[in-house]
Amino acid sequence: MYIRVWSLVLALAAAQPLAAQMPDEALRSALGGLSEASYPDKEAIVTRLGEGGHQSTNAILTAFLEDRLYVRQRDAAVFIVQSADPALTSLTLIDPVSLKPAGSEPPEAMTKIGTNNRLRRVLRTTVARFALTSPDPAVRLNAVTEMQRSLDDASTTLLRERAAAETDPDVKAEIDTALALAALDGGDGNARLEAVSTLGRRGTPEVRNRLASLLEKSEDGTFKEADERVRAAAEAAVSRIDSMRRLYGGVETLFFGLSLGSVLVLVAIGLAITFGVMGVINMAHGELMMLGAYTTYVVQLALPERTGAAVLIAIPAAFVVSGLAGVLLESTIIRRLYGRPLETLLATFGVSLVLQQLVRSIFSANNRPVATPPWMSGTLQINDVLAITLNRVYIVAFATIVFVILLVVLKRTRLGLDIRAVAQNRAMARAMGIRSAWVDAMTFGLGTGIAGVAGVALSQLTNVGPNLGQSYIIDSFMVVVFGGVGNLWGTLIGGLSMGVVNTLLEPYAGAVLAKIAVLVALILFIQRRPRGLFPQTGRAAEGQS
Amino acid sequence: MNLRSLWGSPGERGSAVFLALLVLVALLVPLNLLFPPSSPLHLPSYVLTLVGKYLCFAMLAIAVDLVWGYCGILSLGHAAFFALGGYAMGMYLMRQIGPRGVYGDPILPDFMVFLNWKELPWFWHGFNHFPYALLMVVAVPVALALVFGWFAFRSRVTGVYLSIMTQALTYALMLAFFRNDMGFGGNNGFTDFKEIGGLDLQQDSTRVLLVMISALALAASYIGCRLIVESRAGRVLRAIRDAESRTRFLGYRVESYKLWLFVFSAAIAGVAGALYVPQIGIINPSEFAPINSIEVVIWVAVGGRGTLHGAAAGAILVNYAKTFLTGALPEAWLYALGALFVLVTLYLPRGLSGLWPATVKAR
């Protein structure tokens, strides 16, 4: 934490204009005065430093504000310490003028330069002024938000000066909010009314609470806000903000649900091919996803420095690894069991056990660490109310891409045509010269390859271990059965709606109960519609039972 | 429906052998008490526990074989009924601990004291009475099977759909029992039992008694299932297995046949679970894990689906192999089990007992 603040401060210091700089000696002598000065004197020194504009000033004043400005008892020299954590046995010193490391001292040898409330306010204003003139809009935005927390006349004046010069729209909006917040305390009713209407356009919790406080009554029963028009406007603004927060809260929940649903679609879509199109119950589906996740791990081992590239490379790699495993599985085992779905279930379950143990033997039974690329972490701030974590955005996008590619392959390519032909009428397809055995192997390879790709996505979301597959296999079967076997769109809608329902239930029931409720609801749903949301019709459906 | 049919047809000769073996176990195990522990003929108590465990698993396998082998209902959730029976027995055993628990509360089991509960939840009442607990051992699995089966069979959920539904059922139950709020001890389940019906569970004589009861219960459920499958109703069941729609068009109420068979099978599984828990000494939610149910299906497939005695033999064989391999080569167990699944389904569609008539015919 300190280090982060520190680097920010250094960046700020470096960014100061060089013109009209106080010479180093003047700075040093001004600082020397600090150790003996009374509080009013300290205030005067701080003001002088602020006006002097030495490039280290900001760092010094920030340190002062954070109680990190110390005097060495031996020679009365002033230093910034890197961290004043009382647990430290030695303080790392930084020279305040050059901002270079200056050795270290035990805490007993140093005395802190004290501050009081008044001095701290002066310091904060001075530091804020530096931050407000920073060329980086993010720093300015941060400074304004920081100033909103404790507004006083000095900072309002500062902000008003800055408002005229500010060009960045976000910073400008934030400054307007701060000025409006300050205006609420002013005596002019019209200014307060204007402020309320400005604030009504924002949605942060602080603004909402401030507006709501206008509607409160004092202990003697009178309203804290005397002006009736302002109260009415504040009430309208609060209810508008509340409804906006509800709306965006709903949007957020929906998005959470969609991202959970996207995971379900990803893990189920490969199964929709092997189970839905081919009618093969592949209990090893989960383990093929696990292979995909371990592929990601191995690729990252090979490219330790390039996490992002490794994940991207892992996608085709996992497709190939799991797809080949699937083709092998199809041609050695499943091919002999067509038309006996229950036996296929047992044999593939056996395969899943072997794969799990294989992974345990090779990679050990412990979870393997898979790193998340830097561009996948962080949040996307859409407005005051709505912030979405980036990895959810990526998972939704990824699921969509995989789904579209799969749809294109099935509907627009020769392989897709063959796959659909064999699924609809094997005998007729063979009569037309389609090599059904080859198509079977390819279909199964496609489905399991997609499982591997889903595994890459899962490696970013959960622990990569031998049990990764098992925890998803029931979910993925439920999605396919719910959506309707043999129907990719059914899988998409089934998965997304399961995810959304699960997320909607979670706040009321807790994660586990929500999951149980979804499972039970699905069991009941299948009783009503045994063939899922979008049942297959026609001859293919007859042959499936 | 007479007992002669038990060893009437040549394929059913196995049942005579099987029942004879069970009677032998029931008779020989008590002899163990006559030998002093130093005698080489004396079985150590862990062997007794193992035998009892295998017998319970054999009962569960028979229950699965009844519905799968004779009616084509592949249940991947039968371990749920087993575990429910086990939990019912576990609740009785927990109440029997009384003030001997760690916290010494005369009424509340330890985990409830730990969760700071003040009184017994309503569904725990009555479990201090042995007959009530025995009733619940059967009633709870039967009730679940009745509700689930009534919905599933009436709406004609068949084949793999039904299998996946049963698996979802046991998965949902597992998640539910893992919750502390459910009042079933959360993921620790029940353990540290002291006595059953006044008999100390650590005594060899109690173990012997439980093994005998397990052997008799296995024999009884075997005879019960055999009588069902050899009856006229049994023929209808097989007809359903082979051509469900045709049987329905012939005028049989397919749903009722399936439902009652499923319920009977669940009752057997429940009893098996109830016998399993006092011998093993623990019951926890992992018994509901979907993999357990699938393993049972493998026992049946290995032994021979649709033979009953084959299923029991498969359960005992596979579990013996498991005990042996997890001890000798822990790494190899899952490889072996996985290979067993694959090889049996590929090359022995009728299981090990399928080998037997084939050799008879070859001669």
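The model is predicted, and local features need pLDDT of at least 70, side-chain atom pairs count only at pLDDT 80 or more, while totals for chains, interfaces and linings use all residues. Residues are numbered from 1 along each chain as its sequence is written, and chains are lettered from A and ligands numbered from 1 in the order in which they are written.

**Helix packing in chain A**

- Helix H12 (residues 285-302) and helix H14 (residues 341-363) of chain A pack at an angle of about 25°, and their axes are 9 Å apart; axes are lines fitted to C-alpha atoms, for helices over the stretch in contact, and angles run from 0 to 180 degrees between N-to-C directions.
- H12(A) and H14(A) are therefore roughly parallel to each other.
- Helices (H or I, at least four residues) and strands (E, at least two) are DSSP runs, numbered from the N terminus.
- The crossing of H12(A) with H14(A) is left-handed, a term used if the near helix is turned anticlockwise from the far one by less than a right angle, with right-handed used if clockwise.
- H12(A) contributes A:Gly286, A:Glu287, A:Met290 and A:Tyr294 to the contact, and H14(A) contributes A:Ser352, A:Leu355, A:Gln356, A:Val359 and A:Phe363; two residues are in contact if their C-beta atoms, placed from the backbone, lie within 7 Å.
- The contact of H12(A) with H14(A) comprises 5 nonpolar, 3 polar and 1 charged residues, where Ala, Val, Leu, Ile, Met, Phe, Trp, Tyr, Cys and Pro count as nonpolar, Asp, Glu, Lys and Arg as charged, and the others, Gly among them, as polar.

**The sheet of chain A**

- Chain A has an open sheet of 5 strands in the order E4-E3-E2-E1-E5, with antiparallel pairing; two strands pair if DSSP finds at least two bridges between them.
- E4 and strand E5 (110-112) of chain A stand at the edges with a single partner strand each, so one side of each is left without a neighbour in the sheet.
- From one strand to the next, the twist averages 45°.
- Strand E2 (residues 78-81) and strand E3 (residues 91-94) of chain A run antiparallel and are joined by 2 bridges, and A:Ile80 stands opposite A:Ile94 in E3(A).
- The antiparallel pairing of E3(A) with strand E4 (residues 101-105) of chain A has 3 bridges, and A:Thr92 has A:Ser104 in E4(A) as its bridge partner.
- A hairpin is formed by E3(A) and E4(A), with 6 residues between them, and A:Leu99 in the turn has a positive phi of about 60°.

**The contact between the chains**

- Chain B gives 37 residues to the contact and chain A gives 34 residues.
- On the side of chain B that touches chain A, helix H5 (130-154), helix H6 (159-178), helix H11 (290-303) and helix H13 (332-347) of chain B each supply at least two residues.
- H6(B) provides the largest share of that side, 13 residues.
- The side of chain B that touches chain A has 27 nonpolar, 7 polar and 3 charged residues.

**Helix packing in chain B**

- H11(B) and H13(B) pack at an angle of about 45°, with axes 10 Å apart.
- That angle makes H11(B) oblique to H13(B).
- H11(B) and H13(B) have a left-handed crossing.
- The residues making the contact are B:Ile298, B:Ala301 and B:Val302 of H11(B) together with B:Leu340, B:Phe341, B:Val344 and B:Thr345 of H13(B).
- The contact of H11(B) with H13(B) has 6 nonpolar residues, 1 polar residue and no charged residues.

**Single residues of chain B**

- B:Val344, in helix H13 of chain B, counts as buried with 26 C-beta neighbours inside 10 Å; a residue is buried if 20 or more other C-beta atoms lie within 10 Å of its own, exposed if 12 or fewer, and partly exposed in between, with C-beta atoms placed from the backbone.
- Leaving aside neighbours within four places in sequence, B:Val344 is in contact with B:Ala301, B:Val302 and B:Gly351.
- B:Val344 and B:Val302 lie 42 residues apart in sequence, and their C-alpha atoms are 6.1 Å apart in space.
- B:Asn116 lies in the loop between helix H4 (110-114) and H5 of chain B, has a positive phi near 70° and counts as exposed, with 6 C-beta neighbours inside 10 Å.
- B:Arg156, in the loop between H5 and H6 of chain B, has a positive phi of about 60° although it is not a glycine.
- B:Arg156 counts as partly exposed, with 17 C-beta neighbours inside 10 Å.

Conventions:
Angles under 35 degrees count as roughly parallel, over 145 as roughly antiparallel, 65 to 115 as roughly perpendicular and the rest as oblique.
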